Amino acid sequence: MEGDYVIMHMADALLAPAVAGTMYVASTGVAAYSIKKVKMENDPKKIPVMGVMGAFVFATQMLNFTIPGTGSSGHLCGGMMLSALLGPWAGFLTMIGVLLVQCLMFADGGLLALGANVWNMAFYGCFIGSLLIWKPIMKKGATKGKIVGASILGCVLTLQLGAFSVVLETLASGITELPFSVFVATMQPIHLAIGFVEGLITSAVLVFIHEARPEMLWGVGGNDNLTSIDVADSKGKLTFKKTIGVLAIVAAIAAGIVSLFASAYPDGLEWSMEQVAGTSELEAAGGAYDVANNIQTATSILPDYAFKGSDSVLGTTTSGLVGGLVVVLLCVGVSLAFKFFKNNKKEANA
Amino acid sequence: MSTIDNKLKAISNINTLQQRDQWVNHLHPLVKLLLTFIYIISVVSISKYNLSKMLVFAIYPFFCFNLADLNFRDAIYRMRLILPLVMVVGIFNPIFDRDIMLYIGGNVMANGEHVGGLAISAGVISMLTLMLKGVYAVLATYILIATTSIEEICYAMRKLHVPQILVLVILLINRYIYILGEEASRIMTAYKLRAPSQKGIHYKAWGPLVGQWLIRSMDRAETVYESMQLRGFNGEYRYVADQKTRATDVIYFMVWLAVFAVFRFTNVVELLGGLFV
């Protein structure tokens, strides 16, 4: 499933500069706020902990987890886990670090797409996951069931939001002819499964931490720093089978939320319906696309957006093809010239 | 070999490339970082039907790969993770966008209709440009990371006023990735020896295995913090020396900037073709 977690990674090619820039601005804003928050905490230990935890997330991504009942295996992405341990602000900054290192070490994601990737993976995972789900659920202390529920709900929801953002960003960039409905119908279910598995792994780890060192969990008992007080553990232990039952209900609720969320975008639905109806004039229709196009013209970083029928299309003449051939020959020529000089140098040295 | 070992090998390979004594490696990191950014923005902003402008941008990766003595095969191997999404998104363009854009060969009739020849639809063109965009962006990033260490990139980021705390976290992650990666490898080996013929970690072991490792790592962070403090860490990361900008750096930057501008704003391919046709 290694490829699956990469589906969430936006590639540079999928983003128009205006969209990439917008996402950079959004992510930078959240990062600036997070830095302020982390500085306010004034905990000098926080930086080394963030660094080592970032590397830890990286390393755990290398492990394979067998999914019971299936032959496949899952991976851990870590946004939810990090914010449950470090809090949303430090967790967010750590995730930026992880994503940037991923980009600088494995060329995963790309420099231009970094803003979008931070938003899709770190923002939702750290802020929606921890502030809207983890913290309210843990308000009155943590229990095994609550941790499992919060982890699964958090991971599923944040991955759904992330996947949905990937779709919106790609469509807003106007590089694909893929209809909204088809794209969403492909992305969301895949990430439902991935989110579920990630939630299971995250919950297993967090439950263990809760049992071994409860003080390591963030936001438990309504106080960010207080040790958690176990109240409901007396009810007896939640077994794995019982948890699966709870999980099924949680997953159903999550799916419901997602579909509600999707229908809150009439623009996109309208668009996809028109696509299904077969209207061909939709190239520059659709709300998101128009907005992005307006932004692009307004900011006009590089206002060169040619559409069908505009004049700067690939040479309808032969000169375009011949020119292309010349470029290819030039590239090959440069390579050969370099090899030639290098060999000469080696011989001269020898 | 396991996937973990492959990943670790990829990390050490890229580190080896960064440490080489190549001309490109000695360029100022800020120059390389900015050029990569500008190149990617130039490429990505090209209209999706403008294949001829896309083609000419191949010169930068070609030139740099030769200059830095990099291997195309290694770079393309790295793309296996990032390109699938680009491919999936692009592969449908020919299906949904069938307007004919270009004819190769054939004759134009008096009423403007084409007869004969190979018709190429807009979707095929936009698919090709999208795939080229994907490949170029990854190649450009690869050129950057194969010739510039993360420390140097962090230095360039500090020059661009990226906040200290973020740069520090990146540097620490970079420092501990290999150590924790090796630990992951040892853990997996130990687990496999005790649990033969299993593809991954059994669900009953998810919590204890990763959880204990996490607690160990947290303790390690504590030790790291203490040792950093003993060496005088006070929240600032200090570089031994400022890297001076040489004339070569400026010239290299300006030349490529001019080249990108020409490639981006004029249609070099058609001009070149015009010379021969």
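**Chain B, domains.** I looked up the division of chain B first: domain 1 covers 1–17 + 163–239, and domain 2 covers 20–96 + 127–148 + 246–272. These bounds come from an automatic or database domain assignment. The C-alpha centres of domain 1 and domain 2 of chain B lie 32 Å apart.

**Basis.** I am working from a predicted model, in which local features need pLDDT of at least 70, side-chain atom pairs count only at pLDDT 80 or more, and totals for chains, interfaces and linings use all residues. Residues are numbered from 1 along each chain as its sequence is written, while chains are lettered from A and ligands numbered from 1 in the order in which they are written.

**Helix 11 of chain B.** I then listed its buried residues, among them B:Trp206, B:Leu209, B:Leu214 and B:Val224. Buried means 20 or more other C-beta atoms within 10 Å of the residue's own, exposed 12 or fewer, and partly exposed in between, with C-beta atoms placed from the backbone. The buried residues of helix 11 pack against helix 3, strand 1 and helix 8 of chain A, together with helix 10 (164–194) of chain B. Just after helix 11, B:Gly232 takes a positive phi of about 90°.

**Chain A, overall.** I find 12 helices and two strands in chain A. Buried residues make up 53% of its 350 residues.

**Contact between the chains.** I count 90 residues from chain A and 98 residues from chain B in the contact (two residues are in contact if their C-beta atoms, placed from the backbone, lie within 7 Å). Helix 12 of chain A gives the most to the chain A side, with 14 residues. That side divides into 60 nonpolar, 23 polar and seven charged residues. Ala, Val, Leu, Ile, Met, Phe, Trp, Tyr, Cys and Pro count as nonpolar, Asp, Glu, Lys and Arg as charged, and the others, Gly among them, as polar.

**A:Met105.** I looked up this residue in helix 5 of chain A. A:Met105 is buried because 20 other C-beta atoms lie within 10 Å. Not counting residues up to four places away in sequence, A:Met105 touches B:Ile11, B:Ile14 and B:Ile145.

Conventions:
Helices (H or I, at least four residues) and strands (E, at least two) are DSSP runs, numbered from the N terminus.
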